[in-house]
Amino acid sequence: MLALTFFLAQEGVQLDQVQPLAVMTERDVILNELAQGLRPIAQGIEWFDTLGPDQQSETLRSLSHHCIQARAVTEDGPESIRRAGLRPTHTPAVLITRGRIDQQLGTIAGLTPLDERRKAFRLLIAVLAIADERRRARFCSGGCGHWWHRLPSHDRPAAAGRHDAEGDGHL
(Lines give C-alpha, C1' and ligand atoms only; values in the text may rest on other atoms or scores of the structure.)
Protein backbone atom coordinates (compact mmCIF):
# COMPACT_ATOMS: atom_id res chain seq x y z
CA MET A 1 0.00 0.00 0.00
CA LEU A 2 2.85 2.37 0.82
CA ALA A 3 4.54 1.58 -2.49
CA LEU A 4 1.33 2.42 -4.35
CA THR A 5 1.00 5.67 -2.41
CA PHE A 6 4.62 6.57 -3.19
CA PHE A 7 4.15 5.78 -6.89
CA LEU A 8 0.96 7.81 -7.11
CA ALA A 9 2.59 10.74 -5.29
CA GLN A 10 5.42 10.76 -7.85
CA GLU A 11 2.77 11.02 -10.56
CA GLY A 12 1.13 13.93 -8.75
CA VAL A 13 -1.78 11.91 -7.37
CA GLN A 14 -2.33 12.22 -3.63
CA LEU A 15 -4.75 10.10 -1.66
CA ASP A 16 -6.73 11.73 1.13
CA GLN A 17 -6.29 8.90 3.55
CA VAL A 18 -4.09 5.84 3.33
CA GLN A 19 -4.94 2.95 5.61
CA PRO A 20 -4.12 -0.74 5.51
CA LEU A 21 -6.87 -2.81 4.01
CA ALA A 22 -8.91 -4.56 6.66
CA VAL A 23 -10.24 -8.01 5.95
CA MET A 24 -13.83 -8.26 7.09
CA THR A 25 -14.86 -11.82 7.92
CA GLU A 26 -18.33 -13.01 8.80
CA ARG A 27 -17.04 -13.79 12.30
CA ASP A 28 -15.73 -10.23 12.73
CA VAL A 29 -19.07 -8.81 11.61
CA ILE A 30 -20.96 -10.99 14.09
CA LEU A 31 -18.63 -10.10 16.97
CA ASN A 32 -18.93 -6.39 16.25
CA GLU A 33 -22.71 -6.60 15.86
CA LEU A 34 -22.88 -8.27 19.26
CA ALA A 35 -20.61 -5.67 20.88
CA GLN A 36 -22.64 -2.82 19.38
CA GLY A 37 -25.99 -4.27 20.43
CA LEU A 38 -27.06 -4.80 16.82
CA ARG A 39 -27.53 -8.51 17.49
CA PRO A 40 -28.89 -10.00 20.75
CA ILE A 41 -26.29 -11.79 22.87
CA ALA A 42 -28.53 -14.88 23.06
CA GLN A 43 -28.25 -15.16 19.29
CA GLY A 44 -24.48 -14.75 19.58
CA ILE A 45 -24.26 -17.54 22.14
CA GLU A 46 -26.32 -19.82 19.89
CA TRP A 47 -23.90 -19.07 17.05
CA PHE A 48 -20.88 -19.63 19.32
CA ASP A 49 -22.29 -22.98 20.47
CA THR A 50 -22.52 -24.19 16.85
CA LEU A 51 -18.75 -23.78 16.44
CA GLY A 52 -16.41 -26.68 17.02
CA PRO A 53 -13.82 -26.48 19.82
CA ASP A 54 -11.06 -25.22 17.49
CA GLN A 55 -13.35 -22.58 15.98
CA GLN A 56 -14.45 -21.49 19.46
CA SER A 57 -10.81 -21.10 20.52
CA GLU A 58 -10.03 -19.14 17.37
CA THR A 59 -13.10 -16.94 17.93
CA LEU A 60 -12.10 -16.22 21.54
CA ARG A 61 -8.53 -15.37 20.47
CA SER A 62 -9.86 -13.08 17.76
CA LEU A 63 -12.24 -11.45 20.23
CA SER A 64 -9.36 -10.93 22.67
CA HIS A 65 -7.36 -9.28 19.90
CA HIS A 66 -10.32 -7.00 19.04
CA CYS A 67 -10.48 -5.95 22.72
CA ILE A 68 -6.80 -5.04 22.71
CA GLN A 69 -7.16 -3.14 19.42
CA ALA A 70 -10.12 -1.24 20.91
CA ARG A 71 -7.79 -0.22 23.76
CA ALA A 72 -9.45 -2.12 26.59
CA VAL A 73 -8.09 -1.15 30.01
CA THR A 74 -8.03 -2.96 33.34
CA GLU A 75 -10.69 -0.60 34.69
CA ASP A 76 -13.15 -2.04 32.11
CA GLY A 77 -13.24 -5.31 34.09
CA PRO A 78 -15.98 -4.65 36.68
CA GLU A 79 -18.40 -3.09 34.17
CA SER A 80 -17.70 -5.91 31.72
CA ILE A 81 -18.56 -8.47 34.39
CA ARG A 82 -21.80 -6.65 35.13
CA ARG A 83 -22.77 -6.34 31.45
CA ALA A 84 -21.94 -9.98 30.78
CA GLY A 85 -24.18 -11.02 33.67
CA LEU A 86 -21.42 -13.03 35.33
CA ARG A 87 -20.88 -13.58 39.01
CA PRO A 88 -17.62 -12.10 40.30
CA THR A 89 -16.56 -15.65 41.27
CA HIS A 90 -16.80 -17.06 37.73
CA THR A 91 -13.34 -17.85 36.37
CA PRO A 92 -13.34 -15.28 33.51
CA ALA A 93 -14.59 -12.60 35.93
CA VAL A 94 -11.83 -13.38 38.42
CA LEU A 95 -9.22 -13.28 35.66
CA ILE A 96 -10.35 -9.97 34.13
CA THR A 97 -9.77 -8.17 37.42
CA ARG A 98 -6.23 -9.50 37.98
CA GLY A 99 -3.20 -7.88 36.46
CA ARG A 100 -2.45 -6.61 32.98
CA ILE A 101 -5.51 -6.64 30.75
CA ASP A 102 -3.67 -7.87 27.65
CA GLN A 103 -2.36 -10.92 29.50
CA GLN A 104 -5.70 -11.62 31.18
CA LEU A 105 -7.61 -11.37 27.89
CA GLY A 106 -5.31 -14.04 26.43
CA THR A 107 -5.79 -16.26 29.47
CA ILE A 108 -9.57 -15.86 29.27
CA ALA A 109 -9.51 -16.67 25.55
CA GLY A 110 -7.58 -19.85 26.35
CA LEU A 111 -10.15 -21.33 28.74
CA THR A 112 -11.13 -24.81 27.57
CA PRO A 113 -14.22 -26.17 29.40
CA LEU A 114 -17.35 -25.40 27.37
CA ASP A 115 -19.18 -23.61 30.21
CA GLU A 116 -16.09 -21.44 30.81
CA ARG A 117 -15.85 -20.70 27.09
CA ARG A 118 -19.44 -19.46 27.04
CA LYS A 119 -18.71 -17.18 30.01
CA ALA A 120 -15.47 -16.04 28.36
CA PHE A 121 -17.39 -15.26 25.17
CA ARG A 122 -19.98 -13.18 27.02
CA LEU A 123 -17.30 -11.35 28.99
CA LEU A 124 -15.09 -10.59 25.99
CA ILE A 125 -18.08 -9.27 24.04
CA ALA A 126 -18.78 -6.93 26.98
CA VAL A 127 -15.12 -5.82 27.17
CA LEU A 128 -15.16 -5.09 23.43
CA ALA A 129 -18.42 -3.15 23.77
CA ILE A 130 -17.03 -0.94 26.54
CA ALA A 131 -13.67 -0.33 24.91
CA ASP A 132 -15.19 0.36 21.50
CA GLU A 133 -17.78 2.75 22.97
CA ARG A 134 -14.92 4.72 24.52
CA ARG A 135 -12.86 4.64 21.32
CA ARG A 136 -15.85 5.74 19.28
CA ALA A 137 -16.52 8.70 21.62
CA ARG A 138 -12.87 9.80 21.83
CA PHE A 139 -11.50 9.13 18.38
CA CYS A 140 -14.34 8.48 15.97
CA SER A 141 -17.08 10.92 16.98
CA GLY A 142 -16.37 13.12 13.96
CA GLY A 143 -16.34 10.13 11.63
CA CYS A 144 -13.81 7.43 10.90
CA GLY A 145 -12.85 4.82 8.37
CA HIS A 146 -13.54 1.80 10.57
CA TRP A 147 -15.82 -0.59 8.69
CA TRP A 148 -17.16 -1.94 12.01
CA HIS A 149 -18.49 1.51 12.90
CA ARG A 150 -20.67 1.49 9.78
CA LEU A 151 -22.53 -1.78 10.29
CA PRO A 152 -26.19 -1.61 9.31
CA SER A 153 -28.70 -2.45 12.01
CA HIS A 154 -30.88 -4.60 9.71
CA ASP A 155 -33.75 -3.64 12.04
CA ARG A 156 -32.51 -6.11 14.64
CA PRO A 157 -33.68 -5.55 18.18
CA ALA A 158 -30.93 -3.97 20.24
CA ALA A 159 -29.43 -6.12 22.95
CA ALA A 160 -30.08 -4.42 26.23
CA GLY A 161 -29.01 -5.24 29.75
CA ARG A 162 -27.95 -8.65 30.95
CA HIS A 163 -28.60 -11.82 29.06
CA ASP A 164 -28.07 -15.30 30.33
CA ALA A 165 -26.49 -17.96 28.14
CA GLU A 166 -29.32 -20.45 28.22
CA GLY A 167 -32.17 -17.96 28.03
CA ASP A 168 -33.69 -19.28 31.25
CA GLY A 169 -32.93 -16.24 33.44
CA HIS A 170 -30.29 -18.03 35.52
CA LEU A 171 -26.82 -16.56 35.42
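Visitor: What is the N to O distance in the salt bridge between R27 and E58?

Guide: This is a predicted model, in which local features need pLDDT of at least 70 and side-chain atom pairs count only at pLDDT 80 or more, while totals for chains, interfaces and linings use all residues. Residues are numbered from 1 along each chain as its sequence is written, and side-chain values use heavy atoms, with hydrogens and water left out. A salt bridge here is a side-chain nitrogen of Lys or Arg within 4 Å of a carboxyl oxygen of Asp or Glu. For R27 and E58, the N to O distance is 2.9 Å.

Visitor: How many residues apart in sequence are the parts that R27 and E58 tie together?

Guide: Helices are DSSP runs of H or I with at least four residues, numbered from the N terminus. R27 belongs to helix α2 (residues 26-35) and E58 to helix α4 (residues 53-69), so the pair ties together parts whose separation in sequence is 31 residues.

Visitor: Is E33, the partner of R39 in a salt bridge, buried or exposed?

Guide: The side chains of R39 and E33 meet at 2.6 Å, N to O. Buried means under 20% relative accessible area, exposed over 50%, and partly exposed in between, with a 1.4 Å probe and protein chains only. R39 has 16% and is buried. E33 has a relative accessibility of 3%, which makes E33 buried.

Visitor: Which residues are joined into one network with E133?

Guide: E133 and R83 form a salt bridge at 3.0 Å, N to O. That pair links distant parts of the chain, with E133 in helix α8 (residues 114-139) and R83 in helix α5 (residues 77-84), 50 residues apart. Through salt bridges that share partners, E133 is joined into one network with E79, R82 and R83.

Visitor: What span is expected for α4 at 1.5 Å a residue?

Guide: The expected span of a helix is 1.5 Å times one less than its number of residues. α4 has 17 residues, and from its first C-alpha to its last it reaches 24 Å, close to the expected 24 Å.

Visitor: Which residues of α4 are buried?

Guide: An α-helix has 3.6 residues a turn, so residues three or four places apart point the same way. E58, at 42% relative accessible area, is partly exposed. The buried residues of α4 are Q56, S57, T59, L60, S62, L63, S64, H66 and C67.

Key
Helices (H or I, at least four residues) and strands (E, at least two) are DSSP runs, numbered from the N terminus.
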